[in-house]
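I am opening a notebook on a structure that is new to me, and I will write down what I look up in the order in which I look.

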Amino acid sequence: MTSQIDNANSREDTTALSEMNEENRANGTWTRMLQGNKRFAQGTSEHPWQDAETRRSLLQGQNPQAAILTCSDSRVPAEIIFDQGLGDLFTVRTAGATIDQAGLESLEYAVDHLHVSIIVVLTHQGCSILQEAAASVQKDDAVSQDPQDTAAAASIGTDKATSSMPFTMKQALKTIEIAHKAEITNPNDIERIHISMQIERLVDQSEVIRQALSQEKLKIIGARYVMTNGLVEVLSF
């Protein structure tokens, strides 16, 4: 009986130690990324791990510490913004940081096979997708007859804005709809709402990610890149 109790206590201690190690790894990874971002914003980037030796060392595989879901915008290259090197980040880029099946499966691969400790959901100042979605639901003649009718505004926005990027715009329009319900019109705040909604979608749609979160093997961080000063604004950690 005593042996069974000792074994149970040992397993609990091992689990607690493992969870502590995972948290320390996540915190350490995010701290290094923020330090890199600070260097980038100050114009003192080190451009680490970008030499031929590092490139050759990665021939047999990769071991990134973080995955990033961010926008395809050419002004938002995560490796440069965070001053990281080859093999440091597993980056998924879609217009508006949209979550589609390919992106979701890519992030699940990063969690389940590469064992990243954090996923960063990163939007940015001046997102053109959100700007287009917001412009598409602004009051026109039809909406002005009932300015409180958010559903009508969203419907009109859908007709106008989704012809070329229907899947992407659908998610952006949902963000605008939530913002309008909360009477939020500031573009910066809309971008922050979009981050929270993308994190919610990520968790809702992925059993792999939910399980990793519940086992405290993973953290999801919401962040926003401010182009005017080069810094990454941390919204949730």
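**Entry 1: leucine 107 and the cores**

I began with leucine 107 and, leaving aside its neighbours within four places in sequence, I found it in contact with Ala67, Ile68, Leu69, Val92, Ile119, Leu202 and Ile209, where contact means heavy atoms within 4.5 Å. I note that this is a predicted model, in which local features need pLDDT of at least 70 and side-chain atom pairs count only at pLDDT 80 or more, while totals for chains, interfaces and linings use all residues. Residues are numbered from 1 along each chain as its sequence is written, and side-chain values use heavy atoms, with hydrogens and water left out.

I then looked up the largest nonpolar core, which has 21 residues, and saw that Leu107, Ile119, Val121, Leu202 and Ile209 touch the most other members. A nonpolar core is here a set of buried Ala, Val, Leu, Ile, Met, Phe, Trp, Tyr and Cys residues joined through side-chain atoms within 4.5 Å, and buried means under 20% relative accessible area with a 1.4 Å probe, protein chains only. At least two residues of this core come from each of strand S1 (66-71), strand S2 (89-94), helix H4 (101-112), strand S3 (118-124), H9 and H10; helices (H or I, at least four residues) and strands (E, at least two) are DSSP runs numbered from the N terminus. H4 gives the largest share, four residues. Apart from this core I found another, of 17 residues, including Trp30, Phe82, Leu122 and Val232.

**Entry 2: H9 against H10**

I next followed helix H9 (residues 187-205) to H10, and their axes come within 5 Å and cross at roughly 100 degrees, the axes being lines fitted to C-alpha atoms over the stretch in contact, with angles from 0 to 180 degrees between N-to-C directions. H9 is therefore roughly perpendicular to H10, a term for angles of 65 to 115 degrees. On the H9 side the contact is made by Leu202, Val203, Asp204 and Gln205, and on the H10 side by Glu207, Ile209, Arg210 and Leu213.

Just after H10, I noted that glutamate 216 takes a positive phi of about 60 degrees.

**Entry 3: threonine 54**

Is threonine 54 buried or exposed? I found threonine 54 in helix H2 (residues 52-57), and it is buried, with a relative accessible area of 10%. Leaving aside neighbours within four places in sequence, threonine 54 is in contact with Trp49 and Leu86. Its C-alpha atom is separated by 8.6 Å from that of glycine 87, 33 residues apart along the chain.

Key: Parallel < 35°, antiparallel > 145°, perpendicular 65-115°, else oblique. Buried < 20%, exposed > 50% of the residue type's maximum accessible area, 1.4 Å probe, protein only.
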